[in-house]
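Please open the model in your viewer and keep the selection tool at hand.

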Amino acid sequence: MSGSSTRPSSTAQSAAVSSSKDPDLSRSLSSRHIQLLAIGGAIGTGLFMGSGKTISVAGPSVIFVYMIIGFMLYFVMRAMGELLLSNLEYKSFSDFAADLLGPWAGFFTGWTYWFCWVVTGIADVVAIAHYVTYWWASAPLWIPALACIALLLALNLPTVRAFGETEFWFALIKIVAIMTLIVVGLVMILTRFSSGPGEEASFGNLWENGGFFPTGPMGFVAGFQIAVFAFVGIELVGTAAAETKDPTKNLPKAINSIPLRIMLFYVGALVILMSVIPWTDFSADESPFVGMFTLAGLGTAAAVVNFVVLTSAASSANSGIYSTSRMVYGLARDGDAPNAFSRLSRRKVPQNALFFSCTFLLAGVVLLYAGESVSAAFTLVTTISALCFMFVWTIILFSYLAYRRRRPHLHEESTFKLPGGRVMVYVVLAFFVFIVWALTTQPDTLMALLVTPIWFALLGGAYALLRRTPLHQARVAEYNSMAAGEREAVKALNRG
């Protein structure tokens, strides 16, 4: 695709300078890596552990909740895909945000995305430490926590291909677990399995216990505020764009398969779960996967699901370390982070950025000994993380609107256009407003909503200092000049 000429020369120059010192990122992720990376990003730990709470709150209407969220986020991914392919110099969505909205957008998007994954990674390290105690009850929690961080470093330091291979197998474990659940559940339904008097596995359980909306409109709304957190990481393929072989082929393929994945892995699994077990029997504190496998007479269900959830948390932490290191690397190349983070190892891995992100995971070791407040604190912190992910998704959509306004010729040339164009962007933005409103309906999520602006205030203060530097003043001036030139070009095109 054409369009590299529209890249701000300041960014191109910084990239050139960096490239003169260090090799560029290696395009070593193959089609199967990207496909499984996209699946792993779309299947979070929330499906295995958090779906019990979602079902208990919303009942069978949770099926529609996941379908609607997946439908909306598919268009965010299509917008991201069109933007990334409009200019193959873009390394991630932080790059096109800076290019299309201004240097401030690249700074806010990059550091907010880093913050999202670091917070998620801390939560994952704590979760992994507790999961390990299922087999090793006497182990001090700090041992598996530190071992997890060391393992993440060992998996990411060698090459990007090593990360791709690890994530491939992590995602495969999740897929096998869900497919096993679906097959076992179908057998139980077809054989009319009975778990007790009057409780028989049947698709009728979806509507025979108060209908599809048994908890009313507000129960349906509450399902959104919980379920949206299960989709964080769906944009991960955008972070891997710079290290993807043949991105013009592999990125569209990965993005276009998102609806099928959501229908199979989320909707399919939930339909089976609520058909085998009436939704009224689900507990917010227990994994529905364990419950169904136990009913099926699989005595090792708890151990198997514990292993699956452990690998799911490890997968999430692994993806987080990968994406944060690449984001900090990109920020450093643009002058938004210390230059030391822009250096690559001989294996073309941003090892300084990798060590930087892993250092923050050590906070998870401290939180292991914070007492009973850990659960409540992490509910708050992970909610804040999910809100910040929504900010990143919103920036992607605003970048698309700027792209359509300033570079209509690139949109016309695109072979991967966003279906529905601007109309769908506004529909999705309206949906995000609805999600924010939904978060105000519960005390714990309302608290997170009120605390989140603190992060953006801190970023705003940091950027206010950073923009005074000569480098950023030059970037802003060049961006303004480029934007003005593009506006004039569009006006001339319209007059013609």
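Begin by selecting the aromatic side chains: the structure holds 35 aromatic pairs, a pair being two rings of Phe, Tyr or Trp (its six-membered ring) with centres within 6.5 Å, stacked if the planes are under 30 degrees apart, edge-to-face if over 60 and tilted otherwise. This is a predicted model, in which local features need pLDDT of at least 70 and side-chain atom pairs count only at pLDDT 80 or more, while totals for chains, interfaces and linings use all residues. Residues are numbered from 1 along each chain as its sequence is written, and side-chain values use heavy atoms, leaving out hydrogens and water.

Select Trp114 and Phe356 next, a stacked pair with 5.6 Å from centre to centre and 25° between the planes. Trp114 lies in helix H6 (residues 103-132) and Phe356 in helix H15 (residues 351-367), 242 residues apart, where helices are DSSP runs of H or I with at least four residues, numbered from the N terminus. Trp114 is buried at 7% relative accessible area, whereas Phe356 is partly exposed at 22%; buried means under 20%, exposed over 50% and partly exposed in between, with a 1.4 Å probe and protein chains only.

Phe341, in the loop between helix H14 (301-333) and H15, is buried at 14%.

Finally, select Cys388, which is buried at 0%; its sulfur is 4.6 Å from the closest cysteine sulfur, in Cys116, too far for a bond, since a disulfide requires cysteine sulfur atoms within 2.5 Å.

Conventions. Helix = DSSP H or I, 4+ residues; strand = E, 2+ residues; numbered from the N terminus.
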